[in-house]
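Open the model in your viewer and keep the sequence panel beside it. The tour goes stop by stop: select, look, move on.

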Amino acid sequence: MCYHRSIATAIVATILLIVTSACSSPAAKPSLQLKVSVVARGLEAPWGLAFLPDGRALVSERDSGKLLVVTSSGHIEEVQRIPARGSGEGGLLGVARSPNYATDGFVYAYFSTPEDNRVVRFRLGEEPQPILTGIPVSSVHNGGRIAFGPDGMLYIGTGDATNRGAAQDRNSLAGKILRLMPDGGVPTDNPFPNNPVYSYGHRNVQGLTWDAKGQLYATEFGQNAFDEVNRIVAGGNYGWPEVEGNAGGDHYIKPVTVFSTAEASTSGAVFLHGGAIPQWEGNLLIAGLRGERLWRLSFDSTGAITAREQLLQGQYGRLRHVVQAPDGSVWVLTSNRDGRGTPSPDDDRILRLVTDDYRGADR
Ligand SMILES: [Ca+2]
C-alpha cells in the first residue's frame, strides 16, 4: 500500500530558520542555520524508527500496528502489520534492526498485548517470534525503546506500568533497562546472574543511545517535576520511585541532567557521530513530547554538560523520536496524533534536519 500524497509532497517546505540559543549557559555555541525539510506526512503516531543499510527507514505506527518503509524521497509502503493491541500509551512501539542485518535479515519490535509488553524478531513478511514476553503492561508507562548497543546486545527500555514499586524489584521486568543476546538469551556478563535486568529504578524509559566511547545514556519521564537523562552503568539503581530527579543523596545514581516535565517529556534520543554535522558532533539530541522541542546537549571530555539548547520549539508540536540517518542527517518523528496533541492536516510528519555545514548528500 502506497501513500501517494506523501510522495507528491515530499521534498517540499525546505525551511531556513535561525536557531536561537535559549541556553542560559555562557558556553552555549553561537546560533547556526538549520535546514528542515519534511520527508513524510500523514502518518499516525509514529513511534520507532530504524534505518536499513540501504538508507530506507523502518517506521512503526503505535495504534495501527503498521510497520512502514519510508524512503528519503518520501515514498511510504506498509510492509507488515504487527499484532499489537495496546491502549493509551501502549501499542506498536520500538523497532530495531539486527546489526548483522545484511546476513541475518532480522528486525525487532516491541509491542503491547492485553497481557504484556513483548519483544519479537522476524524477517520482513515472516511471522514474528517472541524473544521476551511478560514485560508488565498498562495504559501508561510502557517504555518501549529498543536498540542494539556497540557490544551487539539488544537493550530494552521498559516502564513501571503504574506499579511503582516494581522498578526497585530486580525480579520484575518493569521500570528497567534490559540487556539480551540477539536470540533473546541472557548474556553471561549481565550484572545479575541469569537476569535480563541491566539497570533498575527507572520510571519510563523511551530513549537509549551510546556516545562515541560506547557509554549508554537513557532518557526517562519523571512524574510531576523532573525528566531525566541518565548515564547508565551495569547494575545501577536510578532511584525511582524512591526519588525523582536529583534528590536522594548518595543512595541512587543521579541524572546527568534534568528537565522540567513541561519543557521536555523526554522520549527518543540520539548521539550524533560521523561528522556530517560538525558543530553537533558528539552532541546528544532528545525529542520532547509535552515540551514540543528538540533538546541539544553538548559535553566536555569529562562528560559534564557544557550547553543545553532548545531547537524547533513550538514549531512542529510533540516530538517522539530522533535518529541519525546513514547520510548523517537527523530525522525526527512528530507525535501529534497520539491523543495528546493538536495535529495539523500534515501530521504526523517525519522531519529531516541538516545544517549549512552538512557534508552528506543533499537533495
Ligand atoms: Ca532517577
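**Stop 1: a bridge pair.** Select T266 and G288. G288, in strand 20, is the bridge partner of T266. Strands here are DSSP runs of E with at least two residues, and helices are runs of H or I with at least four; both are numbered from the N terminus. Two strands count as paired if DSSP finds at least two bridges between them.

Before going on, note what is on screen. This is a predicted model: local features need pLDDT of at least 70, side-chain atom pairs count only at pLDDT 80 or more, and totals for chains, interfaces and linings use all residues. Residues are numbered from 1 along each chain as its sequence is written.

Stop 2: Now select strand 19 and strand 20 (residues 284–288). They run antiparallel and are joined by four bridges.

Stop 3: Four strands make an open sheet in the order 3-4-5-6, and the pairing is antiparallel. Strand 3 (46–51) and strand 6 (76–81) are the edge strands, each pairing on one side only. Here the twist averages 25 degrees from one strand to the next. Inside this sheet, pick strand 4 (residues 57–61) and strand 5 (residues 66–70): they run antiparallel, joined by four bridges. Show V59, and you will find L68 of strand 5 opposite.

Stop 4: Select strand 8 (residues 106–112) and strand 9 (residues 117–123). Seven bridges pair them in the antiparallel sense. A hairpin of four residues joins the two strands. Y110 has V119 as its bridge partner in strand 9. For N117, the bridge partner in strand 10 is I135. Five residues lie between strand 9 and strand 10 in their hairpin, and G125 in the turn has a positive phi of about 90 degrees.

**Stop 5: the largest nonpolar core.** A nonpolar core is a set of buried Ala, Val, Leu, Ile, Met, Phe, Trp, Tyr and Cys residues joined through C-beta atoms within 7 Å. Buried means that 20 or more other C-beta atoms lie within 10 Å of a residue's own; 12 or fewer means exposed, anything in between partly exposed, and C-beta atoms are placed from the backbone. The largest core has 91 residues, and Y155, L285, W331 and V332 touch the most other members. Strand 8 supplies the largest share of this core, six residues.

**Stop 6: Y155 and L208.** Centre on Y155. Apart from neighbours within four places in sequence, its contacts include I146, A147, I177, Y198, L208 and L216. A contact means C-beta atoms, placed from the backbone, within 7 Å. Move to L208, in strand 15 (residues 205–210). Is L208 buried or exposed? L208 counts as buried, because 25 C-beta neighbours lie inside 10 Å. Beyond residues up to four places away in sequence, L208 touches R145, A147, Y155, G157, L216 and A218.

**Stop 7: strand 13.** Select residues 176–180. Five of the five residues of strand 13 are buried, so this strand is largely enclosed by the rest of the structure. K176, L178 and L180 are buried on one side, I177 and R179 on the other. Strand 12 (residues 154–157) pairs with strand 13 in the antiparallel sense over four bridges. Strand 14 (residues 197–200) also pairs with strand 13 in the antiparallel sense, over three bridges. Show I177: G157 stands opposite, and S199 in strand 14 is a bridge partner.

**Last stop: zoom out.** The protein chain has two helices and 25 strands. Its C-alpha trace spans about 50 × 50 × 40 Å along the principal axes. Of its 363 residues, 48% count as buried.

Conventions: Axes are lines fitted to C-alpha atoms, for helices over the stretch in contact, and angles run from 0 to 180 degrees between N-to-C directions. Two residues are in contact if their C-beta atoms, placed from the backbone, lie within 7 Å.
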